[in-house]
Amino acid sequence: MVPLITYLFQKSIENPFIDDDLVLIIGEITSATKIIAGKVRKASLLDVLGSAEKINVQGEVVQKLDELANDIITETLKCTGKACMLASEEVEDCLILSDSGYSIAFDPLDGSSNIDVNISIGTIFSIHKGDIKKSGREQIAAGYVIYGPSTMLVLAFRGFVSVFTLDPETGNFMLVEENLKMPEKGKIYSINEANYDKWESDGLRKFIDSLKEEKYTLRYVGSMVADVHRTLFKGGVFIYPSDIKNRNGKLRLLYEGSPMAFIVENAGGMAITGEKSILDVVPEELHQRVPVILGSKWEVEKCLKYLKNG
Ligand code: AHG
Ligand code: MN
Ligand code: MN
């Protein structure tokens, strides 16, 4: 079995864009996630459950673990000396560290509403060279760590996606799957169906109705990492659409939509806003939102047809 860092150095031979600085940054992000995984595992024994009694830039309640995860990742990345900009869900402005290097956008803790009830949560990250406000297509790498029954890392570069599991005995992320390709079609749809009447598109309602007729089943954890992870391995579709309350959906482009779209597209799936690939959206604001429809090609293409026909 191959540990993450060894794997990255091996891959850097055929992929020169995986330079030493990028290996350092990915190594340090994943080190930070090991610390977070430790806190998550014994959360109810530490004073990290519950709200931090603050509202973040998104107007959402900040959980103690959101704040802790943000501090751990920020401090770890600052120490590398190779990160020029950091953008976090929990911080209003971009943190500028130097003029050149890699910029990292991250959702330190995804799935906040599941923290207190011991359900899978995660960390999502997106890496660009230079400026952070570039389209997802220009990402150098993107990934997420899921804190589930085991802690896993899914890491994408242009052209390939690799999967690692944290071995708690050695503390290494070990390669478990190379060149992950997602199923072309699945049997599961994942959407917060309680919002059915609030969705802006009639086409979307008809699409979901059509999946029911085709005997699909519904799975919705409410942590994007967990819902995307299942979609990657089992196929199907995950959707967070625009609705009358959230005109651009709920999920954020830079550290949720864009990295997940990069992973899904490089695993052979599709990720769209309803109009175009999420990877082609050029960000205007740091915390802008984006509607997300991602998953197996079959379902996403079908959804697109329904959206166009209204
Ligand atoms: P976060 O915890 O980082 O704010 O993200 C929560 C997101 C995402 O993980 C999930 O897909 C979505 O919120 C669920 O939202 P609803 O509760 O509206 O379905
Ligand atoms: Mn999130
Ligand atoms: Mn979050």
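Trainee: Why does Glu89 count as buried?

Mentor: Its relative accessibility is 5%, and buried means under 20% relative accessible area, with exposed over 50% and partly exposed in between (1.4 Å probe, protein chains only). Glu89 therefore counts as buried. Bear in mind that this is a predicted model, where local features need pLDDT of at least 70 and side-chain atom pairs count only at pLDDT 80 or more. Residues are numbered from 1 along each chain as its sequence is written, and side-chain values leave out hydrogens and water.

Trainee: And why does Asp107 count as buried?

Mentor: Asp107 has 0% relative accessibility, so Asp107 counts as buried too.

Trainee: What makes residues donors of the manganese ion (ligand 3)?

Mentor: Donors are N, O and S atoms within 2.8 Å of the metal (3.2 Å for Na, K and Ca); water is not among the atoms, so sites may look incomplete. Glu89 (OE), Asp107 (OD) and Leu109 (O) lie 2.1 to 2.2 Å from the ion, and they are its protein donors. Asp107 also bridges this ion and the manganese ion (ligand 2), the two lying 3.7 Å apart.

Trainee: Why are helix 2 and helix 3 called roughly antiparallel?

Mentor: Their axes cross at roughly 150°. Angles under 35 degrees count as roughly parallel, over 145 as roughly antiparallel, 65 to 115 as roughly perpendicular and the rest as oblique. Helix 2 and helix 3 are therefore roughly antiparallel to each other.

Trainee: Which residues of helix 2 meet helix 3?

Mentor: Among them are Leu24, Ile25 and Glu28, where contact means heavy atoms within 4.5 Å.

Conventions:
Chains lettered and ligands numbered in written order. Axes fitted to C-alpha atoms, helices over the stretch in contact; angles between N-to-C directions. Helix = DSSP H or I, 4+ residues; strand = E, 2+ residues; numbered from the N terminus.
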